[in-house]
Amino acid sequence: MRVDFDPEAMGGAAFYRFLTSVVVPRPIAWVSTLTPDGSVENLAPHSFFSIASTDPPIVQFTSIGRKDSLRNVEDTGEFVVNFSAEPLLYQIRDTATDVPRSMSEFDMVGIEREASRVVRPPRVAAAPVVLECRSHTTLRMGNSTLVFGRVFLASVHEEYLVEGRPDAERLRPLSKLGGDQWGTLGEVVHLARIPYEEPRAE
């Protein structure tokens with residue numbers, strides 16, 4: 001027997017908890033930004049994250065409410081997506097804390113930074129992959145803002161590459177599940193697509 005959940009009857013906060021327990025796993029964009037005067041570097045995880053376009057390359061993360069990442073992108077037009085890897089779990093968790101815009105999560109958590117090549121916000125030195133982005137557009141939707149950024153540079157530590165591509169088993173990606181649950185990679189299944197003309201195995 002199914003149990004029904006009515007968004008209107010439950011209200012936004014309760015249905016948010018339901019949705020984020022169902023739409024799983026979700027990749028995490030660990031977004032670094034800079035205040036307009038360049039004095040404070042912000043770093044925060046966003047678990048509503050995906051690819052919006054491949055040509056041109058555009059990635060997208062969602063800010064629920066008006067978080068510092070969103071304000072900084074609106075003010076500067078730049079951000080970096082740092083890959084969220086399993087060894088960085090506790091640092092990522094700690095940067096999710098709501099702190100004043102005048103405080104840097106890099107400094108608060110003790111995260112080593114490195115200079116980006118084409119944008120001003122710094123990169124997380126330990127992140128296996130970084131995507132340096134400039135804002136393409138933002139879109140308000142309900143209580144959220146979708147931030148679309150064009151990727152102008154991707155940089156990968158070479159030990160995570162296999163045959164010229166980042167390898168998931170080496171990257172060990174983190175994902176967000178419901179509530180306080182986080183996901184790790186687990187078993188990887190290698191399964192090729194079957195052309196239409198070929199028979200399927202029974």
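At 11% relative accessibility, Glu 78 counts as buried (under 20% relative accessible area, with exposed over 50% and partly exposed in between, using a 1.4 Å probe and protein chains only). This is a predicted model in which local features need pLDDT of at least 70 and side-chain atom pairs count only at pLDDT 80 or more, while totals for chains, interfaces and linings use all residues. Residues are numbered from 1 along each chain as its sequence is written, and side-chain values use heavy atoms, with hydrogens and water left out.

**Surroundings of Glu 78**
- Glu 78 belongs to strand S6 (residues 78-83), strands being DSSP runs of E with at least two residues and helices runs of H or I with at least four, numbered from the N terminus.
- The side chain of Glu 78 reaches the backbone nitrogen of Arg 120 at 3.0 Å.
- Leaving aside residues up to four places away in sequence, Glu 78 touches (heavy atoms within 4.5 Å) residues including Thr 33, Val 118, Arg 120 and Cys 133.

**Strands S2 and S3**
- Strand S2 (residues 29-34) and S3 run antiparallel and are joined by six bridges, where DSSP must find at least two bridges for two strands to pair.
- Thr 33 stands opposite Asn 42 in S3.
- Six of the six residues of S3 (residues 41-46) are buried, so this strand is largely enclosed by the rest of the structure.
- Glu 41, Leu 43 and Pro 45 cover one side of S3, and Asn 42, Ala 44 and His 46 the other.
- In the hairpin of S2 and S3, with six residues between the strands, Gly 38 takes a positive phi near 75°.

**Helix H2**
- Leu 19 lies in helix H2 (residues 12-22) and, at 40% relative accessibility, counts as partly exposed.

Methods: A polar contact is a pair of N or O atoms within 3.5 Å; within protein, one must be able to donate a hydrogen and the other to accept it, and residues adjacent in sequence count only if both atoms are side-chain atoms.
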